[in-house]
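Biologist: Please put the model on the screen, and then I will ask about it.

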Amino acid sequence: MDKSQADSDEDRAMASLLLARRSLASCLDRSRSVASALSRAGPHLEEIKHRLPSLEASVRPIRAPREALLEVGGHIDRAVGPAAAVLKVFDAVHGLERPLLSGDGPAEDLPGFLDILTRLEEALKFLSDNSGLAVQWLDDIVEYLADHSLADPRFISQLTDTLSSLKSASGTDQNLPEPLDGGLLSATLDRLESEFCQVISAHSTPIPLQQPETSGDTAIAIAPSPLPVPVVHKLSLILDRLAANNRLDKCVSAFVDIRGSNVRKSLEALGIDYLDSNSDDAQVLGTHVQRWGRHLEFSVKHLLESEYKVCTEVFDRRPADSASCFADVAARAGILDFIKFGRTVSDAKKDPIKLLRLLEIFNSLNKLRLDFNRLFGSKACADIQTRTRDLIKRVVEGACEIFGELLVQVELQRNVTPPPDGRVPSLVSFITEYCNRLLSDEYRPVLTQVLIIQRSWKQERFHERLLIDAILNIVKALELNFETWSKGYEDPNLACIFMMNTHWHFFKYLKGTRLGDHLGDTWLRDHEQYKDYYAAVFLRETWGKLPELLSREGLMIFSGGRATARDLVKKRLKSFNEMFNEMYQKQLNWVISDKELRDKMCSLVVQAIVPVYRSYMQNYGPLVEQDASASKYAKFTAQGLENMLGSLFQNKPKKAASFNVRHSNGKVSNAVTGLYRSTSTVK
């Protein structure tokens with residue numbers, strides 16, 4: 001038992017020793033670890049030693065009195081809450097950057113793009129409304145901390161610098177404005193502007209036009225509606241967002257440039273170089289007036305009408321912008337160039353044909369009056385309105401001035417030299433044709449309206465008879481010129497040719513015309529009778545005297561013998577030949593202007609002479625034909641005489657007669673030279 005007890009105690013002692021041994025080994029390991037950790041902590045402690053001053057400043061507010069910390073805590077909480085909300089929205093703004101600036105953006109999905117832009121605008125509005133207040137609250141807290149020495153001054157300085165930057169970003173500091181979004185909104189609006197320009201450019205090609213083949217051909221190809229409805233809708237959506245951000249200027253400018261240039265190119269295809277003419281000659285400018293009228297009508301009724309609709313549709317919710325854009329488009333297209341050309345014509349030298357051109361200009365403008373009032377009636381088109389009114393005023397006053405001077409100008413021609421060959425003066429031909437044109441359906445209504453307007457400006461009444469009487473007085477003044485002009489001929493027979501020409505011209509070329517109807521049948525018949533009278537006088541005093549020279553007296557009985565008869569025949573043939581040659585050579589240069597009258601007069605002359613001469617030569621020609629000197633006396637055959645007489649009074653190339661227009665400055669200029677040439681081209 002004892003031995004067993006002893007063995008048991010020995011075992012317990014051994015176990016205790018082993019346990020102690022393991023415990024000592026573990027302590028040694030821990031000691032080594034602690035020693036190693038202490039050796040590594042040395043540098044860290046050194047670093048902490050150097051950072052202690054700044055850490056001390058950072059935690060100093062914590063060391064402030066408890067009462068002060070409790071008092072400022074509520075203020076800090078109220079300031080940090082709004083600041084946190086602003087930061088959250090600010091983070092959301094930057095989250096929109098990628099969808100707004102990447103990909104095709106507005107070109108691919110405009111509604112989606114605009115939806116994101118709207119979110120950006122709302123976020124920026126929130127930031128604009130709240131960031132300044134949040135920063136101000138934070139600034140108040142920093143000021144409170146500084147005033148109560150609750151934080152280290154260096155800490156306060158750092159907070160102050162940070163808040164200054166926030167003030168700049170939020171716009172509360174007027175000296176350092178910076179966008180809250182870092183320029184995201186501006187870049188997004190730039191993309192919208194670019195898309196607007198691209199869309200309007202892609203749908204603004206010049207309208208294809210067909211050059212008229214003749215001056216009267218107005219069949220010009222016109223393009224359909226210039227902008228499809230979806231395009232107009234897209235442009236309107238873009239403009240809405242740009243207008244909301246006060247960014248319309250660039251798009252408006254691009255719209256005007258593109259659309260205005262489009263219309264201008266369409267017009268240039270028709271050939272409008274004449275609009276730049278600087279001539280002061282109504283004859284030169286007049287050749288373009290009819291084209292001007294057609295081109296102006298096409299420009300207003302089709303091209304500008306179309307642009308007006310485009311402006312109205314695209315700027316539908318902005319009437320002021322619509323009117324302004326259209327005014328600029330019209331100016332860029334060249335509407336002012338058309339008005340300038342009209343002004344150039346109205347400023348040209350006074351000329352009767354200029355009156356017709358002024359009436360044509362007035363008629364063109366009057367036909368477009370309602371269109372002008374509708375298209376250019378806004379304040380934005382004030383310049384176009386002013387220039388148009390000025391042009392109309394100049395046209396009306398210029399036309400009335402020329403019309404009022406026509407009678408005086410005709411009277412001033414009374415003392416000029418008549419045509420040397422007795423033909424109808426160019427002035428007579430021109431005035432009769434000119435007055436008929438003034439009474440035509442083309443010009444009379446226009447001239448009447450012009451006179452009504454002019455008299456209304458002077459608060460005077462107009463009667464239709466005033467126009468008729470004024471024109472009839474011009475013709476009657478021309479009649480009085482006839483008598484004076486006829487007295488300018490030294491040869492009274494040439495004066496008869498002249499009077500016969502002019503009276504016949506009045507009768508023939510006024511009969512059945514508007515002017516002739518107003519003058520009346522009695523007046524026309526009087527001129528026909530005057531023509532017959534002067535024709536009879538002319539024949540009696542000229543060719544009617546020749547048959548008397550071929551007298552048969554003394555030749556019937558041959559009382560003096562054959563030799564005596566031959567001498568009488570020779571003597572009478574010689575007198576006949578001399579007078580015939582004299583008359584023929586003189587009258588060969590005289591002119592009867594009208595072919596019908598010329599043929600009739602030549603026939604009368606032939607009838608007065610040739611039968612008598614033929615009979616005389618048949619009876620007495622043999623007496624001299626066998627004589628050696630027969631050719632001196634029997635110079636003509638009857639047929640030869642007829643041919644010669646039939647060649648009289650032919651029209652020959654001539655210089656146009658003068659019609660001197662006396663201007664208000666007293667100077668006289670030759671007008672009819674050009675006017676007469678132009679009558680063949682004036683319709």
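What follows is a set of questions and answers on this chain.

Modeller: This is a predicted model, in which local features need pLDDT of at least 70 and side-chain atom pairs count only at pLDDT 80 or more, while totals for chains, interfaces and linings use all residues. Residues are numbered from 1 along each chain as its sequence is written, and side-chain values use heavy atoms, with hydrogens and water left out.

Biologist: How many helices and strands does the chain have?

Modeller: Both kinds of element are DSSP runs, numbered from the N terminus; a helix is H or I with at least four residues, and a strand is E with at least two. Counted in this way, the chain has 25 helices and 2 strands.

Biologist: What share of the residues counts as buried?

Modeller: Buried means under 20% relative accessible area, exposed means over 50%, and partly exposed lies in between, with a 1.4 Å probe and protein chains only. Of the 683 residues in the chain, the buried share is 42%.

Biologist: Among contacts between residues at least 6 apart in sequence, what share joins residues at least 24 apart?

Modeller: A contact means heavy atoms within 4.5 Å. Among the contacts in the chain between residues at least 6 apart, the share joining residues at least 24 apart is 80%.

Biologist: What does helix H8 reach from its first C-alpha to its last?

Modeller: The expected span of a helix is 1.5 Å times one less than its number of residues. Helix H8 covers residues 249-268, which is 20 residues, and the expected value is 28 Å. The model comes close to that, with a reach of 28 Å.

Biologist: Which helices do the buried residues of H8 pack against?

Modeller: The buried residues of H8 include Cys-251, Phe-255, Arg-259 and Ser-266. Ser-266 is 37 residues from Leu-303 in sequence, yet their C-alpha atoms are 8.4 Å apart. Leu-303 is found in helix H9 and is buried, at 3% relative accessible area. The helices packed against are H6, H7, H9, H10 and H11.

Biologist: Where is Phe-649, a residue other than glycine with positive phi?

Modeller: Phi of Phe-649 is near 65°. Phe-649 is buried, with a relative accessible area of 0%. Its place is the loop between helix H24 and strand S1.

Biologist: Is Gln-459 buried or exposed?

Modeller: Gln-459 also has a positive phi, near 55°, and is not glycine. Gln-459 is found in the loop between helix H16 and helix H17. With a relative accessible area of 76%, Gln-459 is exposed.

Biologist: How many aromatic pairs does the structure hold, and what kind is the pair of Phe-372 and Phe-376?

Modeller: Rings of Phe, Tyr and Trp (its six-membered ring) pair if their centres lie within 6.5 Å; planes under 30 degrees apart count as stacked, over 60 as edge-to-face and the rest as tilted. The structure holds 22 such pairs. The rings of Phe-372 and Phe-376 have centres 5.0 Å apart and planes at 65°, so this pair is edge-to-face.

Biologist: Which residues do ring pairs link into a cluster?

Modeller: A cluster here is built from ring pairs.

Biologist: Which helices hold Lys-508 and Glu-596?

Modeller: The side chains of Lys-508 and Glu-596 meet in a salt bridge of 3.1 Å, N to O. Lys-508 is partly exposed at 30%, and Glu-596 is partly exposed at 46%. The pair ties together parts that are 88 residues apart in sequence, because Lys-508 lies in helix H18 and Glu-596 in helix H23.

Biologist: Which residues are linked in a network of salt bridges?

Modeller: Side chains of opposite charge can pair when their charged atoms come close. The residues linked in the network are Asp-190, Glu-193, Arg-247 and Lys-250.

How values were computed. A salt bridge is a side-chain nitrogen of Lys or Arg within 4 Å of a carboxyl oxygen of Asp or Glu.
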